[in-house]
Each structure stands twice: as C-alpha cells, then as structure tokens.
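Here is a short briefing on one protein chain. Please look over the sequence and the structure, then read the points below.

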Amino acid sequence: MICIAWIPIDVVRSTFRDWASETTAYPQEVCEMALAPTIANKVEAAYRRGDLFDKRIKLMTDWASYCIGLTTIQS
C-alpha cells in the first residue's frame, strides 16, 4: 500500500473536480458545495435555502470509494 503523507490541497480539489465531472452524473452545484460549502456571492447565498447535505454525503462516499480503489457507482 502506498502512503502519501502530504498532498497539496489544490491538487486534491482539482483531482476531485475532474473525477466528479468526468465520471459521475452529480450536478455541478452539488460538486461545488462539496468543495466550498459557503457561498461567496451574497445574492446567491440569500436565495439558496438548502445545503445539499444528503447529496453531498453520497457524492463524498463515492469519492472515498474511488480514492481507495473500489468501483464507483454512476450516480
């Protein structure tokens, strides 16, 4: 088993975003909320009521399976 002690966060974010957009059917807003759960745009933040938490749990479970080498389910 390979153990990597340190990976820059921008590499992890980029890898996650590529994986999510190229191999899953998760909507873009779910993927973005997984990366940045706060919304910088004040107008958008005022109108968005939910946090997509349940959908983000499923997305991150699939991501974890991918990271440890398990087959992911197309969602």
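A residue is called buried under 20% relative accessible area, exposed over 50%, and partly exposed in between, using a 1.4 Å probe and protein chains only. At 12% relative accessibility, Trp63 therefore counts as buried.

This is a predicted model, in which local features need pLDDT of at least 70, side-chain atom pairs count only at pLDDT 80 or more, and totals for chains, interfaces and linings use all residues. Residues are numbered from 1 along each chain as its sequence is written, and side-chain values use heavy atoms, with hydrogens and water left out.

**Overall fold**

- The chain has four helices and zero strands. Helices (H or I, at least four residues) and strands (E, at least two) are DSSP runs, numbered from the N terminus.
- From the N terminus, the order of elements is α-α-α-α.
- Of the 75 residues in the chain, 20% count as buried.
- The chain's accessible surface is about 5900 Å², and 61% of that belongs to carbon and sulfur atoms. Areas come from the Shrake-Rupley method with a 1.4 Å probe; for residues, only the protein chains shown count as cover.
- Take the contacts (heavy atoms within 4.5 Å) between residues at least 6 apart in sequence: 49% of them join residues at least 24 apart.

**Aromatic pairs**

- The structure holds five aromatic pairs. Rings of Phe, Tyr and Trp (its six-membered ring) pair if their centres lie within 6.5 Å; planes under 30 degrees apart count as stacked, over 60 as edge-to-face and the rest as tilted.
- Phe16 and Trp63 form an edge-to-face pair, because their ring centres are 5.2 Å apart and their planes meet at 85°.
- This pair links distant parts of the chain: Phe16 sits in helix 1 (residues 9–23) and Trp63 in helix 4 (residues 53–67), 47 residues apart. Both Phe16 and Trp63 are buried.
- Trp63 and Tyr66 are stacked, because their ring centres are 5.7 Å apart and their planes are at 25°. Both residues lie in helix 4, three residues apart, about one turn of the helix.
- Tyr66 has 41% relative accessibility, so Tyr66 counts as partly exposed.
- Ring pairs join Phe16, Trp19, Trp63 and Tyr66 into a cluster.

**Thr24 in its loop**

- Thr24 lies in the loop between helix 1 and helix 2 (28–35). At 12% relative accessibility, Thr24 counts as buried.
- A polar atom of the Thr24 side chain lies 2.5 Å from the backbone oxygen of Ala20.
- The backbone nitrogen of Tyr26 lies 3.4 Å from a polar atom of the Thr24 side chain.

Notes. A polar contact is a pair of N or O atoms within 3.5 Å; within protein, one must be able to donate a hydrogen and the other to accept it, and residues adjacent in sequence count only if both atoms are side-chain atoms.
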